[in-house]
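Take a look at the model below. This report walks through its surface, its helix pairs and its salt bridges.

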Amino acid sequence: MKLFISRPLPDTVIDRARAGFDVTLRGDTTSMSQDEIAASLRDFDLVLPTLGDFYSAEVFKAAGNIRAKLLANFGVGYNHIDVDAARANGIAVSNTPGAVTDATADTAMTLILMTARRAGEGERLVRAGRWDGWHPTQMLGMHVTGKTVGIIGMGRIGEAIAARCHHGFEMEVVFFNRSPKTPPFPARQLDSIQDVARACDILVIAVPGGTDTWHLIGADTFAAMQPHAIFVNIARGEIVDEAALIAALDAGQIAGAGLDVYEFEPKVPDALIARENVALLPHLGTATLEVRTAMGMLAMDNLEAFAAGKPLISPV
């Protein structure tokens, strides 16, 4: 079967793919164009796409005679794929949940500590040669131990972040989730996002992307937060109204933000780049060799199961 892989992946994943399929590997690290996506649907039996490869309803229509039967997405998030349109064209979709949980939760903790303790600002100070030496009131930040963390979305990743905050930093955990959830550690489920925003010192977004969560976090959430609180997003950029976030930072409604994702990435607003109280990462959520390899191997599990006529391992 002919397999198209949209981006370079770890060598062990590519080696496994080539051992079982007729592989075409796109060498470019950027998102595919709409013409490339349409061609992948017409010319291959199987496709391994990833974030930024927008398989929209329009591209399915434009593709014409579709040959592909599976989109084995590299990533847990699949909001870049119109799953209904794929199914309407006889295409199954899978993803890679589980493999990303710990790495993404670790990135959330990185941003919490960077933002609260002003680590990015401090590193820039040292690198610029502007540090004059230690003194008692230098760059005072927020002590995170014992604070209250608010989690929006208590799925696998949200729970992993909350567990790190509770067990590692003795934080009180409050959260909002659409369905009732009972984590295996002390945590209070509140009735709304705004209730969580009001109650916490650190607000972390961990819901999936997609039309249901577009601009889920906006001006009303930031208005509810305490002025000393910080905001962290490791989910998807479009979940947050970025203009409302910038306005809240400019108005001093919140103390800072830690971001790994952006509404229009890879474009990051100059207003965020200019702010010393904002920690910015280039979508590093799962960026370890072990995790990206595990993601690729789970995608391969799905591809091989499909090719063998067996049920998908992690269907969407």
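Val126, Trp131 and Trp134 form a nonpolar patch on the surface. Together they have about 410 Å² of accessible area. Patches are made of residues with over 30% relative accessible area and no salt bridge; nonpolar side chains (Val, Leu, Ile, Met, Phe, Trp, Tyr) are joined within 5 Å, like charges within 9 Å. Accessible areas come from the Shrake-Rupley method with a 1.4 Å probe, and for residues only the protein chains shown count as cover.

This is a predicted model: local features need pLDDT of at least 70, side-chain atom pairs count only at pLDDT 80 or more, and totals for chains, interfaces and linings use all residues. Residues are numbered from 1 along each chain as its sequence is written, and side-chain values use heavy atoms, with hydrogens and water left out.

Where does Trp134 lie? Its place is in the loop between helix H6 (119-127) and strand S6 (148-152). Helices (H or I, at least four residues) and strands (E, at least two) are DSSP runs, numbered from the N terminus. Trp134 is exposed, at 67% relative accessible area. Exposed means over 50%, buried under 20%, and partly exposed in between (1.4 Å probe, protein chains only).

**Helix pairs**

Two packed helices are described by the angle between their axes and the distance between the axes. Axes are lines fitted to C-alpha atoms, for helices over the stretch in contact, and angles run from 0 to 180 degrees between N-to-C directions.

Helix H5 (residues 101-116) packs against helix H7 (residues 156-169) at about 50 degrees, with the axes 8 Å apart. That makes H5 oblique to H7. Angles under 35 degrees count as roughly parallel, over 145 as roughly antiparallel, 65 to 115 as roughly perpendicular and the rest as oblique. H5 passes H7 in a right-handed crossing. A crossing is right-handed if the near helix is turned clockwise from the far one by less than a right angle, and left-handed if anticlockwise.

Helix H1 (residues 11-20) and helix H12 (residues 289-307) cross at roughly 15 degrees, and their axes come within 9 Å. So H1 is roughly parallel to H12. Their crossing is right-handed.

**Salt bridges**

A salt bridge is a side-chain nitrogen of Lys or Arg within 4 Å of a carboxyl oxygen of Asp or Glu. By this rule the count comes to 15 salt bridges.

| Pair | Closest N and O atoms |
|---|---|
| Asp45 and Arg67 | 3.0 Å |
| Arg164 and Asp102 | 3.2 Å |
| Asp195 and Arg198 | 2.7 Å |

Asp45 forms a salt bridge with Arg67. Asp45 lies in the loop between helix H2 (34-43) and strand S3 (46-48), and Arg67 in the loop between helix H3 (57-63) and strand S4 (70-72), so the pair ties together parts 22 residues apart in sequence. Asp45 is buried at 16%, whereas Arg67 is partly exposed at 34%.

Arg164 forms a salt bridge with Asp102. Arg164 lies in helix H7 and Asp102 in helix H5, so this pair ties together parts 62 residues apart in sequence. Arg164 is partly exposed at 24%, and Asp102 is partly exposed at 47%.

Which residues are linked in a network of salt bridges? They are Arg16, Asp301 and Glu304.
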